Amino acid sequence: MIALCDTGLINLKSLQRAFEHLGHMAVITARTDEISCCDQVVLCAAGSFKEGFDAMRKNRFDRALRAAAAAGKPVLGIGLGMQLLCSDSNEGGLFKGASLLPHSVQYSKACPPADGFYSTKTDPECALFRGIEQASFFYFQNAFVRDTADACAVAEHYGDFCAAAVNGTVSATAFYPHKSGEAGIRVLANFLEM
């Protein structure tokens with residue numbers, strides 16, 4: 001079973017349906033005891049880092065995500081969820097993330113976040129992008145992780161930005177796979193095989 005961490009910042013029903021379409025049961029929950037019982041954990045959110053950070057701390061998702069990763073369970077961050085898995089962010093102040101990805105979220109007014117469909121350059125060795133054509137388009141909203149070191153996918157908007165990253169059993173996409181058509185559904189299917 002897949003735990004979809006409910007931050008209250010995004011409607012998770014379409015993501016839940018995407019996993020069910022792939023033949024996997026997904027439960028939307030804000031309870032850490034339910035999260036700990038699941039085989040895979042997904043943190044999908046939208047909004048500002050501070051809103052996500054507050055929701056993550058209030059529900060103790062940061063601890064649940066770290067525990068899942070430490071237990072070797074696959075963890076996936078989507079959209080703002082990717083940013084929350086990073087080390088820190090300067091959006092709206094200085095905040096620590098869950099530190100499951102060694103990236104820093106650097107917000108700049110001179111470089112607005114990416115919104116819309118963007119073509120991505122993917123690492124063919126990355127398991128998340130197995131069977132997906134190079135330069136496929138994915139849907140981004142409020143994406144601005146500029147640190148592309150160790151990125152397994154990169155898109156361009158006012159320069160390159162990290163579209164996806166993997167660190168051990170932790171994967172993350174700046175885009176929303178369930179809103180990205182066939183290529184996005186394939187990313188979710190690949191995550192389920194990790």
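Predicted model: local features only at pLDDT ≥ 70, side-chain atom pairs only at ≥ 80, totals over all residues.
Let me begin with Cys152, which is buried, with a relative accessible area of 6%. Cys152 belongs to strand β10, which covers residues 151-156. If we set aside the neighbours within four places in sequence, the residues in contact with Cys152 are Lys121, Thr122, Asp123, Cys126, Phe129, Ala164, Ala165 and Val166. For anyone wondering about His178, which is 26 residues from Cys152 along the chain, the C-alpha atoms of these two residues are separated by 19 Å.

Not counting residues up to four places away in sequence, Ser171 touches Val75, Leu76, Gly77, Leu85, Leu128, Ala165, Val166 and Met194. Ala165 and Val166 are therefore named both among the contacts of Cys152 and among those of Ser171, where contact means heavy atoms within 4.5 Å.

Let me turn to the aromatic rings. A pair of rings is described by the distance of the centres and the angle of the planes. The count for this model comes to twelve aromatic pairs. One of them joins Phe53 and Phe95, whose ring centres are 5.3 Å apart and whose planes meet at 45°; because that angle falls between the limits of 30 and 60 degrees, the pair is classed as tilted. This pair links distant parts of the chain, since Phe53 is in helix α3, residues 49-58, while Phe95 is in strand β6, residues 95-96, and the two are 42 residues apart. Phe53 is buried, at a relative accessible area of 13%, and Phe95 is buried as well, at 14%.

How are the rings of Phe140 and Phe161 arranged as an aromatic pair? Their arrangement is edge-to-face, with 5.2 Å from centre to centre and 85° between the planes. Here too the pair links distant parts of the chain, with Phe140 in strand β9, residues 137-143, and Phe161 in strand β11, residues 160-167, 21 residues apart. Phe140 has a relative accessible area of 0% and is buried, and Phe161, also at 0%, is buried. Both rings belong to a cluster, linked by ring pairs, that is made up of Tyr118, Phe129, Phe138, Phe140, Phe161 and Phe175. Elsewhere, the charged end of Lys179 sits over the ring of Tyr176, at 5.5 Å from its centre.

Next, the helices. Helix α3 and helix α4, residues 61-70, pack at an angle of about 75°, with their axes 5 Å apart, and the two are therefore roughly perpendicular to each other. From α3 the contact is made by Ala55, Met56 and Arg57, and from α4 by Phe61, Asp62 and Leu65. These residues divide into four nonpolar, no polar and two charged.

Finally, two residues with positive phi. Ala135, in the loop between β8 and β9, has phi near 70°, a positive value in a residue other than glycine, and Ala135 is partly exposed, with a relative accessible area of 38%. Tyr158, in the loop between β10 and β11, has a positive phi of about 55° although it is not a glycine, and at 56% relative accessibility Tyr158 counts as exposed.

Key
Residues numbered from 1 in each chain as written. Heavy atoms only, no water. Phe/Tyr/Trp six-rings, centres within 6.5 Å; stacked < 30°, edge-to-face > 60°. Helix = DSSP H or I, 4+ residues; strand = E, 2+ residues; numbered from the N terminus. Buried < 20%, exposed > 50% of the residue type's maximum accessible area, 1.4 Å probe, protein only. Lys NZ or Arg CZ within 6 Å of the ring centre and 35° of its normal. Axes fitted to C-alpha atoms, helices over the stretch in contact; angles between N-to-C directions. Parallel < 35°, antiparallel > 145°, perpendicular 65-115°, else oblique. Nonpolar A, V, L, I, M, F, W, Y, C, P; charged D, E, K, R; others polar.
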